[in-house]
Amino acid sequence: MNEQDIAFYKDSGYVIAKGLFNEAETTALRDHYMTFRPAKPTDSDSRNKNIQEETDPLKLYSRLMQPHRSDAVSLRWLLDDRINACITALEGLEPYAVQTMVYYKPAGSRGQALHQDQFYLQAQPGTCVAAWMALDRCDEENGCLEVVPGTHDIPVLCTKDADLTQSFTGDTVDLPEGYEPVPVIMEAGDVLFFNGQVVHGSFPNTSKDRFRRALIGHYIVGEATAVAEWYHPVLRMDGTVADLGISQRGGSCGVWVDKDGTPVAEPIGVETRV
Ligand SMILES: O=C(O)CCC(=O)C(=O)O
């Protein structure tokens with residue numbers, strides 16, 4: 001990360017580290033996750049509650065959650081020195097590592113409705129940071145990640161039901177006029193860093209035959225002393241376990257109000273979806 005990257009992140013809440021992982025590393029990770037994959041996901045897994053149709057491409061390729069807890073390759077990637085150096089440069093302190101996920105997103109699959117990661121992670125104080133690594137080229141056709149500029153320093157917004165014909169997850173947020181998602185075009189090996197407030201998501205993969213695989217790490221800032229229960233154990237970047245508290249969802253959430261013609265998100269709502 002150079003000074004320009006850090007300035008861009010401070011202004012926008014996101015920045016791409018181009019080619020952070022080389023071609024050989026990226027190919028090895030892609031191959032690894034095509035074999036390290038659970039058998040057909042079961043209905044008893046609440047993460048799959050919106051994946052019911054036998055013909056849904058996500059039935060065979062639902063996302064992997066927390067693979068680093070049983071897989072050394074995922075753990076090594078989560079704690080990689082390059083990722084640590086980027087987040088430390090962007091946030092000023094070494095982060096804690098709390099989650100890995102792998103998205104396969106085969107052709108024809110739905111995306112994930114616009115949301116903020118901090119709604120789920122509840123890092124306190126501060127926020128979380130995602131490292132979203134493209135394992136394939138990602139563009140609008142195969143449902144690349146989309147971010148909403150101008151949302152990196154707003155409160156966590158109140159959530160509502162998402163459109164399940166477009167999204168495999170059920171929560172989304174309202175956006176006022178003037179706030180639009182923009183596609184983040186990435187090559188395999190690029191890593192997008194974004195903070196937990198940035199509203200983001202993805203649209204369906206409309207390609208005929210392209211995967212849109214991504215490896216995602218979630219971190220919380222070094223100032224944090226608590227995070228939601230799902231994200232424990234919390235790891236220091238040297239792999240040792242840190243003793244942080246458990247934070248809860250709920251409480252106040254952001255609602256867009258008009259301030260002299262400009263939409264501003266104020267923490268005056270109450271979150272009921274916990
Ligand atoms: O990769 C995607 O389509 C969405 C990922 C995402 O929103 C997340 O990791 O929070």
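I'll start with one residue. I220 touches P95, Y96, V98, L121, A123, G126, C128 and V227, leaving out residues up to four places away in sequence. Touching, or contact, here means C-beta atoms within 7 Å, with those atoms placed from the backbone.

Before going on, the conventions. The model is predicted, so local features need pLDDT of at least 70 and side-chain atom pairs count only at pLDDT 80 or more, while totals for chains, interfaces and linings use all residues. Numbering runs from 1 along each chain as its sequence is written.

Back to I220. Together with L192 and F193, I220 touches the most other members of the largest nonpolar core, which has 75 residues. Strand β5, residues 128-134, gives the most to this core, with seven residues. A nonpolar core is a set of buried Ala, Val, Leu, Ile, Met, Phe, Trp, Tyr and Cys residues joined through C-beta atoms within 7 Å. Buried means 20 or more other C-beta atoms within 10 Å of a residue's own; 12 or fewer is exposed, and anything in between is partly exposed.

Now the overall chain. The protein chain has six helices and 18 strands. These are DSSP runs numbered from the N terminus: H or I of at least four residues for helices, E of at least two for strands. The C-alpha atoms fill a box of roughly 55 × 40 × 35 Å along the principal axes. Buried residues make up 44% of the 274. Of the contacts between residues at least 6 apart in sequence, 79% join residues at least 24 apart.

Next, the ligand. Which residues surround the ligand? They are Y103, G111, Q112, D117, A130, L145, H200, G201, S202, A214 and I216, where near means a C-beta atom, placed from the backbone, within 6 Å of the molecule. Two elements give two or more residues to this shell, β11 (200-202) and β12 (214-220). Of the elements, β11 gives the most, with three residues. By class, the shell has five nonpolar, five polar and one charged residues. In that count Ala, Val, Leu, Ile, Met, Phe, Trp, Tyr, Cys and Pro are nonpolar, Asp, Glu, Lys and Arg are charged, and the others, Gly among them, are polar.

On to helix α5, residues 81-91. Its buried residues are I83, C86, I87, L90 and E91. They lie on the same side of α5 because they cover an arc of only 110° around the axis, the arc being that of the directions from the helix axis to the C-beta atoms. These buried residues pack against α1 (3-12), β1 (14-17), β5, β10 (191-195) and β12. After α5 comes G92, with a positive phi near 90°.

Two loop residues for contrast. V156 sits in the loop between β6 (145-147) and β7 (159-161), and counts as buried because it has 26 C-beta neighbours inside 10 Å. Apart from neighbours within four places in sequence, V156 is in contact with Q116, Q118, F119, C253 and G254. H115 is 41 residues from V156 in sequence, and their C-alpha atoms are 9.2 Å apart. R37 is in the loop between α2 (23-35) and α3 (57-60); 16 C-beta neighbours inside 10 Å make R37 partly exposed.

Last, backbone geometry. Most residues other than glycine have a negative phi, and most peptide bonds are trans. Here are the exceptions I want to list.

A cis peptide bond joins Q124 and P125, with omega about -15°; P125 is in the loop between α6 (117-121) and β5. The bond from H232 to P233 is also cis, with omega near 5°, and P233 lies in the loop between β13 (226-228) and β14 (234-235).

K105 has a positive phi near 45° and lies in the loop between β3 (96-103) and β4 (112-115). Is K105 buried or exposed? K105 counts as buried, with 28 C-beta neighbours inside 10 Å. D260 has a positive phi near 50°, in the loop between β17 (251-259) and β18 (262-271). D260 counts as exposed, with 5 C-beta neighbours inside 10 Å.

Key: Contact = placed C-beta atoms within 7 Å.
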